[in-house]
Amino acid sequence: MSDSQSIDSADQSMESVSQGVQYRVLARKYRPRVFAELVGQEVLVRTLTNAIHSQRLAQAYVLTGVRGVGKTSTARIIARALNCIGPDGSGGPTVDPCGVCEHCRAIAEDRHVDVLEMDAASRTGVGDIRELIEGVRYRPTSARYKIYIIDEVHMLSVQAFNALLKTLEEPPAHVKFIFATTEIRKVPITVLSRCQRFDLRRVDMDTLAGHFAAIAGKEGARVDEDALRLIARAADGSVRDGLSLLDQAIAHADPGGVVSAVRVREMLGLADRTQVFDLFDSTMRGDIRDALDRLRVQYEAGADPVAVVQDLLELTHWLTRLKIVPEAAEDPTVPQAERVRGLDMAGRLSMVVLTRTWQMLLKALGEVRTAPSPLQAAEMALVRLAYAADLPSPAEAIESLRSAPGPSSPSPPSGPSATPPGGGGPGPQAGARVLPAAVGSGPQASLAQPDTIGEVVPNPRSFEELVALFGSRRELRLSWSLTNEAHLVHFEPGRLEFRPGPGAARDLANQVSRLLGEWTGRRWIVSISNAPGEPTLAERRQASAARRRDDVAAHPLVRAVLAAFPGAVVGDVRDIELEPERDPGARGPDDLESGDFPPGDLEAISDEDDS
């Protein structure tokens, strides 16, 4: 090879390298330069346009929103709009910066001496803010306004915010502040009150898809409509994130130069939509072998287990919407095959199954994200779903148990205190069957609460009434101590003797004696004893609740329910009185499902394994 050929080859290589360096990613190439190019921020554009037209310019603005919606771009557009002088050099602030004057070009190239952009994430200290404040008093070198853009302003320290407050409230007429942040709650309210706040909203998926289609056309790239919607969904309302994904998808195009939905799914690690329907259908049918095989095939094809669970969650939500609002299937953006199949699934699945599936998938999503093996966690989630899919609802289980042939339950005793919580069918005294209240609840109800705090009340007739008196008088700390830390040794009107627990205050007896004397108008002797005393009120109530749960669990109907749902336990027992105008015998599964249980039936059963 001759020297001239070597030089030509080197020149070509340098030219190709130079061309490669000059390439700008789509997120930078199509960054908005005027208000009209901002995507999905009509409220912001309208407000700023009117403010500039009417010359009602604030001294400071704060722009907040998720990443990639245009906060920093909006700040630079404001800087150009306020400093633009027009092509002939005689213009004023305008909503349409010319882009050719020296100020517009300098701001666009990040080299204007009067537009200072500061990253608060790297310059958080009070010294940086003091340096900024020192420059505020000097007039701009060449522009109309000196503009300070502080990005991620929430990263500033407390001292830095305090140093900025006075200048921010009364800056010179030639200074404007523009703050941008993704964490508006971390910005002190004293700063926000000195700024005009603009919330940049997430861009909806349809707007993003249309925007990406226009950019793909300018770039000469052929992108399928389904691929654009996948990119818009993955962008999650962020224009910048979506453009980065579009840039990557164009480079990941098919050999023919077309960006297909299949390629985008491979790039994003998503499962094919049809496969998601198949996987969901297999799981709901209880065919766990087929469901695990389909999950394995999707995983080997590159689908992320987290994305698969998210797709199942999205499908569950969509089917629930179809069940409530069937008109949602008429959305033209949904493919015809998905609409037909979705309506069929929504018709076959009950609302109970869909809501239970949503809760189980939501819990599974956290497990898949944190598990050492996401695939194994996703498989176990499908196993739980498949085995829970054909379980009856609590109302259906109780109804089937009632209608099933078998030995009849023994008739409950007539006395309300002897009636077991599970009590049989409705009888003459069904409306009067109320379970005994927990220890200590009766006296609280019987003690009349005073209308005024200064009113003299009768002497409490029992320790329980004494504790209730402290609660009615808003002495909650002392009421809690007497309930949980006082072991009663002796009580009579005018005298109280108890053994304090380890957490009781040292002056508990003195405080109780003083307050009782003030409230009752009688001297009370409150003393401390070393005798063991009785269990505390809290311990007695817990023991009573445990006995009630045991009584409920021993009822034949409840035992049958617990046997039908392995792992279930009796969680809580509450007294329920029926409305007199309702007929208890007319209650059906719908009444049970809504929580309207007949008296004596099981009130709440909690499932330990959430299935």
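**Helical packing and a buried glutamate in the predicted model**

Helix H21 (residues 463–472) is mostly covered, with nine of its 10 residues buried; buried denotes under 20% relative accessible area, computed with a 1.4 Å probe on protein chains only. Helices are DSSP runs of H or I with at least four residues, strands are runs of E with at least two, and both are numbered from the N terminus. The buried set of H21 comprises Phe-463, Glu-464, Glu-465, Leu-466, Val-467, Ala-468, Leu-469, Phe-470 and Ser-472. Arg-474, which follows H21, has a positive phi near 65 degrees.

The model is predicted: local features need pLDDT of at least 70 and side-chain atom pairs pLDDT 80 or more, whereas totals for chains, interfaces and linings use all residues. Residues are numbered from 1 along each chain as its sequence is written, and side-chain values use heavy atoms, with hydrogens and water left out.

The protein contains 26 helices and 12 strands. Of its 611 residues, 43% count as buried. Among contacts (heavy atoms within 4.5 Å) with a separation of 6 or more, 70% join residues 24 or more positions apart.

The largest nonpolar core has 37 residues; such a core is a set of buried Ala, Val, Leu, Ile, Met, Phe, Trp, Tyr and Cys residues joined through side-chain atoms within 4.5 Å. Phe-280, Leu-312, Leu-315, Trp-318, Leu-319, Leu-322 and Leu-349 touch the most other members. At least two residues of this core come from each of H13 (273–284), H14 (288–300), H15 (305–324), H16 (336–348), H17 (351–370) and H18 (374–389). The largest contribution, nine residues, is that of H15. Beyond neighbours within four places in sequence, Leu-349 is in contact with Phe-280, Met-284, Leu-319, Lys-323 and Leu-354.

Leu-354 is also one of the buried residues of H17, which include Val-353, Arg-356, Thr-357 and Met-360. H17 has 20 residues and reaches 29 Å from first to last C-alpha, close to the 28 Å expected at 1.5 Å a residue; the expected span is 1.5 Å times one less than the number of residues.

Glu-485 lies in helix H22 (residues 476–485). Glu-485 is buried yet has no salt bridge, and Arg-499, the nearest side chain of opposite charge, is 8.0 Å away. A salt bridge requires a side-chain nitrogen of Lys or Arg within 4 Å of a carboxyl oxygen of Asp or Glu. The Glu-485 side chain reaches the backbone nitrogen of Gly-503 at 3.3 Å. Apart from neighbours within four places in sequence, the contacts of Glu-485 include Trp-480, Pro-500, Pro-502, Gly-503 and Thr-536.

Technical notes
Buried means under 20% relative accessible area, exposed over 50%, partly exposed in between (1.4 Å probe, protein chains only). Lys and Arg count as positive and Asp and Glu as negative; His and the chain ends are not counted. A polar contact is a pair of N or O atoms within 3.5 Å; within protein, one must be able to donate a hydrogen and the other to accept it, and residues adjacent in sequence count only if both atoms are side-chain atoms.
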